[in-house]
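Here is a short briefing to read alongside the structure. It starts where two chains meet and then turns to pairs of residues inside each chain.

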Number of protein chains: 2
Amino acid sequence: MQIAVLGTGLAGRTLAAALQAAGHHVVVGTRDPQASLARTEPDSRGTPGFGQWAGEHPDIGVVTQAEAGGYGEVLINATSGEGTLAAVGAAAPPPGTVLLDVSNALDFSAGFPPVLSVANTDSLGEQLQRAFPDVRVVKSLNTVNAAVMVDPATVPGEHHIFVAGEDADAKAVVTRLLGDLGWPATSVLDLGGIRSARATEMYLPLWLALMGAAGSPVFNIRVVTP
Amino acid sequence: MQIAVLGTGLAGRTLAAALQAAGHHVVVGTRDPQASLARTEPDSRGTPGFGQWAGEHPDIGVVTQAEAGGYGEVLINATSGEGTLAAVGAAAPPPGTVLLDVSNALDFSAGFPPVLSVANTDSLGEQLQRAFPDVRVVKSLNTVNAAVMVDPATVPGEHHIFVAGEDADAKAVVTRLLGDLGWPATSVLDLGGIRSARATEMYLPLWLALMGAAGSPVFNIRVVTP
């Protein structure tokens, strides 16, 4: 499958590499490919510059946002929540595109821990579906960190990942991609329409608190029923 | 231990009866005990009137909010989020009281599913601690329904309940009460200070979505770590 990823951060890179390794054809879309590729120094948190990462992944093309939007059947939004609507607008995906939204709308303006820039009565996933009514938004993967996204077996035993969106076929496409990443079909819980994007985005504060309690971002939750 | 419960709804009744059955001395505080006891007809959802419930639990006293506030070492807030600050204000618990807050600030003004009346940059638990700085607020039990609160074994295997609050001794008191209700110490996860009340209150939309997916409010989550 042809898959384009918007976002050059850790989540975008991790997903792009894992989907390419799973046999898909993947490109990463960025506002200015030349500028992104020129960043070869690590950032303040020690993440390698995007140019270095791209050099280590020569099979993954680096393209403009507009090229990414027209590239394939699936467009993955892995931008920071702040830049999401502008990035998807620049990508202008054609009608019917499956827009897999893995982002959280983090607001660090008051420091760590962040709050959400949209919550409670709306969500980033819902904003995307309203702004781009002809694409098929599926919210998923935003409840785990990048390492768990692409290697769920790093957390032992049964645990769950969520999908939310209006289009059943689009959720089926995403569920197959989740399978390619190692998520068994039984681990994928369908939360219904795109309104449930709100549910998974508002889990962020609990995720942060659990990360603090666990001392690691590598964990997940299992929904236990009688 | 002497425990007072504010709130005559399902959560308050269920906790009061279970804690009394576990050997504690329990009263329920309400704005107008006579009026509450006079309600003997079921409500629109089929919940028996409070007067009927009280008749079936003759060992549990029904008192005013002020009497409840002075009754014991632990005051449980099981009021609706809307009425919480007024109810605790009327109870006026003395300094040092452990205020176990099990409520969620549900706003049904736009119908079902509810949104939260406070979220993201604040929470009901934090509001309570700010409004009553001399009591020791512990947020807990608000992430499961009433049946699971008092019978965690109804959900099989390991699953978790959270405590958040500023005072370690108060959290230890609550952890012992959780033990009386059937929660093993290993199932109690300490999320740190009262700010984490926000984390558990904002889980509500995910809880609602999971209830929809599971078709039942009887479930819980297990935090899975490597």
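**Briefing: the interface and the salt bridges**

Across the interface of chain B and chain A, the rule finds 0 salt bridges. Please keep in mind that this is a predicted model. The count between chain B and chain A is 7 residue pairs in polar contact, with both residues at pLDDT 80 or more.

**What makes up the interface**

- Chain B brings 38 residues to the contact, and chain A brings 38 residues.
- About 2,900 Å² is buried between chain B and chain A, and carbon and sulfur atoms give 72% of that area.
- On the side of chain B that touches chain A, the elements giving two or more residues are β7 (115–116), β10 (188–190), α9 (197–201), α10 (204–214) and β11 (220–224) of chain B.
- The element that gives the most to this side of chain B is α10(B), with 6 residues.
- Sorted by class, the side of chain B that touches chain A has 25 nonpolar, 8 polar and 5 charged residues.

**A strand pair between the chains**

- Strand β11 of chain A, residues 220–224, pairs with β11(B) in the antiparallel sense, over 5 bridges.

**Salt bridges in the model**

- Over all chains, the count by this rule comes to 14 salt bridges.
- One of them joins A:Asp167 and A:Arg136, with the closest N and O atoms 3.2 Å apart.
- A:Asp167 sits in the loop between β9 (161–165) and α8 (168–180) of chain A, while A:Arg136 belongs to strand β8 (residues 136–140) of chain A, so this pair ties together parts that are 31 residues apart in sequence.
- A:Asp167 is partly exposed, at a relative accessible area of 24%, and A:Arg136 also counts as partly exposed, at 24% relative accessibility.
- In chain B, B:Asp101 forms a salt bridge with B:Lys139, and their closest N and O atoms are 2.8 Å apart.
- B:Asp101 lies in strand β5 (residues 98–101) of chain B and B:Lys139 in strand β8 (residues 136–140) of chain B, so the pair ties together parts 38 residues apart in sequence.
- Both B:Asp101 and B:Lys139 are buried.
- B:Asp190 and B:Lys171 form a salt bridge as well, the closest N and O atoms being 3.0 Å apart.
- Here B:Asp190 comes from strand β10 of chain B and B:Lys171 from helix α8 (residues 168–180) of chain B, so parts that are 19 residues apart in sequence are tied together.
- B:Asp190 counts as partly exposed at 40% relative accessibility, whereas B:Lys171 counts as buried at 9%.
- In chain A, salt bridges that share partners join A:Asp101, A:Lys139 and A:Glu201 into one network.

**A loop residue in chain A**

- A:Ala153 is found in the loop between α7 (146–150) and β9 of chain A.
- With a relative accessible area of 66%, A:Ala153 is exposed.
- A:Ala153 and A:Gly182 are 29 residues apart in sequence, and their C-alpha atoms are 7.3 Å apart in space.

Note on methods
Residues are numbered from 1 along each chain as its sequence is written. Chains are lettered from A and ligands numbered from 1 in the order in which they are written. This is a predicted model: local features need pLDDT of at least 70, side-chain atom pairs count only at pLDDT 80 or more; totals for chains, interfaces and linings use all residues. Side-chain values use heavy atoms; hydrogens and water are left out. Contact means heavy atoms within 4.5 Å. Buried area is the accessible area (1.4 Å probe) that two parts lose on being put together, summed over both. A salt bridge is a side-chain nitrogen of Lys or Arg within 4 Å of a carboxyl oxygen of Asp or Glu. A polar contact is a pair of N or O atoms within 3.5 Å; within protein, one must be able to donate a hydrogen and the other to accept it, and residues adjacent in sequence count only if both atoms are side-chain atoms. Helices (H or I, at least four residues) and strands (E, at least two) are DSSP runs, numbered from the N terminus. Ala, Val, Leu, Ile, Met, Phe, Trp, Tyr, Cys and Pro count as nonpolar, Asp, Glu, Lys and Arg as charged, and the others, Gly among them, as polar. Two strands pair if DSSP finds at least two bridges between them. Buried means under 20% relative accessible area, exposed over 50%, partly exposed in between (1.4 Å probe, protein chains only).
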